[in-house]
Amino acid sequence: MATSEATNTKTQELLEEESKKLEQLTLPKDQIMWFEYPMQLYQGFWRLNMISEMVPAFQTQFQALDTDIILASLPKTGTTWLKSLLFTIVNRKKFSVSVNTSISQHPIHTQNPHELVLHFEFEVYKNIHRNDQPDLTKIPIPRLFATHIPYSSVPESIKTSQCRIVYIGRNPLDNFISFWHFCLQFDECKSIKPSMEMMEEYIGMYCKGVFPFGPYEDHLLGYWKESMQNPQKVLFLEYEGLKKEPKMQLKRLAEFVGFPFSEEEEKGNVIDEIIELCSLKSLKEMEVNKNGKFYPWVENKALFRKGEVGDWANYLTPSMAKQIDEMQEKLKKDGFSFTYYQGNL
Ligand code: PAP
């Protein structure tokens, strides 16, 4: 059997096995809607139906290289920001960030960060339904990829190879508010008139883990535990930490991915220039992010909102905030608490 046929059969088998398991579950078997998008429980997390074929294809077909760098996150925790930082750090010899050279030639000016670092389950495997396997041989090394899939479900080769994973976590209150605003920007949701009742309903789902790639605590703890047991494999970053101490966090990131800043670079302006180039203000003003559209269902500009820590306080009632904040208690039971977000309820 040809390799591609064999991998397609494996993908098919995995899909069938999962649908049998789902039939036996007492949990909701039917699809549940997250805004206008149906999703189903798959291997313990909520998978959007739009990626139902891409996920098993990624799981069965992807072969990690030791040099790969994989960014992992829940949606709305700082993925776009980290993609821009990672791409800029790793490629700084090829694409200078110095203001003395023509900075506008940097790819970040013409491509949204999601285009520069592709998500496995949305982009890399998107044509798999046509049996069209991606050709990953042309991607420059180190290959940069991203995923929202929880650690327990990433392909074996990611776990067993020497490739590195950078995870970004964010406090659940701001994560929910960011998610809420983002989803209302989907083309399909523009006619929705949001109300407090609707927000309450979505908070209920979010807290039960019923949202794309949730549950929240399983996702965060899965990667965090791996980062504790295997610190050379997974680097755990916090959105709030990147906001508070960007320089220090960038140094950690660059070192972890094998592109440390030299003494000369540290003395010069390189780190500050990367921070500036990838800042929310800078990305927001770029033409590609003001008027472009990378994902078919949403405009690029929806990816850049306020980028503030504590913005939840402008939207949530005290009881809503308390409900979401209880998720931090779940994290504490497993020994996790945010370093940079103490919460102030
Ligand atoms: P994604 O999962 O759709 O890629 P993601 O990038 O993880 O979304 O999260 C978007 C959040 O990051 C938004 O937060 P907010 O809604 O609270 O404002 C967005 O504004 C913020 N963000 C995007 N780019 C940056 C950046 N360069 N610096 C800081 N925050 C950013």
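**From a sheet to the salt bridges**

Modeller: Happy to! In this predicted model, three strands make up an open sheet, ordered β1-β2-β3 with antiparallel pairing. Its edges are β1 (32-34) and β3 (45-48), each of which pairs on one side only. On average, neighbouring strands here are turned by 50° against each other, ignoring direction. β1 and β2 (residues 37-42) are joined by three bridges, and Trp-34 has Tyr-37 in β2 as its bridge partner. Across β1 and β2 lies helix α8 (residues 196-207), at about 115° to β1.

Now to your salt bridges, of which the count is 19. Arg-143 pairs with Asp-68, with 2.7 Å between the closest N and O atoms. These two sit 75 residues apart, Arg-143 in the loop between α5 (120-124) and β6 (144-147) and Asp-68 in the loop between α2 (54-61) and β4 (69-73). Both Arg-143 and Asp-68 are buried.

Lys-225 and Asp-334 also form a salt bridge, at 2.6 Å from N to O. Lys-225 is partly exposed because its relative accessible area is 34%, which falls between the 20% and 50% limits. Asp-334, at 36%, is likewise partly exposed.

A further salt bridge joins Lys-247 and Asp-272 at 3.5 Å, N to O. Here helix α11 (residues 246-256) holds Lys-247 and helix α13 (residues 270-277) holds Asp-272, 25 residues apart. Finally, Arg-92, Lys-93 and Glu-265 belong to one network of salt bridges that share partners.

Notes: Residues numbered from 1 in each chain as written. Predicted model: local features only at pLDDT ≥ 70, side-chain atom pairs only at ≥ 80, totals over all residues. Heavy atoms only, no water. Pairing = 2+ DSSP bridges. Helix = DSSP H or I, 4+ residues; strand = E, 2+ residues; numbered from the N terminus. Axes fitted to C-alpha atoms, helices over the stretch in contact; angles between N-to-C directions. Contact = heavy atoms within 4.5 Å. Salt bridge = Lys/Arg side-chain N within 4 Å of Asp/Glu carboxyl O. Buried < 20%, exposed > 50% of the residue type's maximum accessible area, 1.4 Å probe, protein only.
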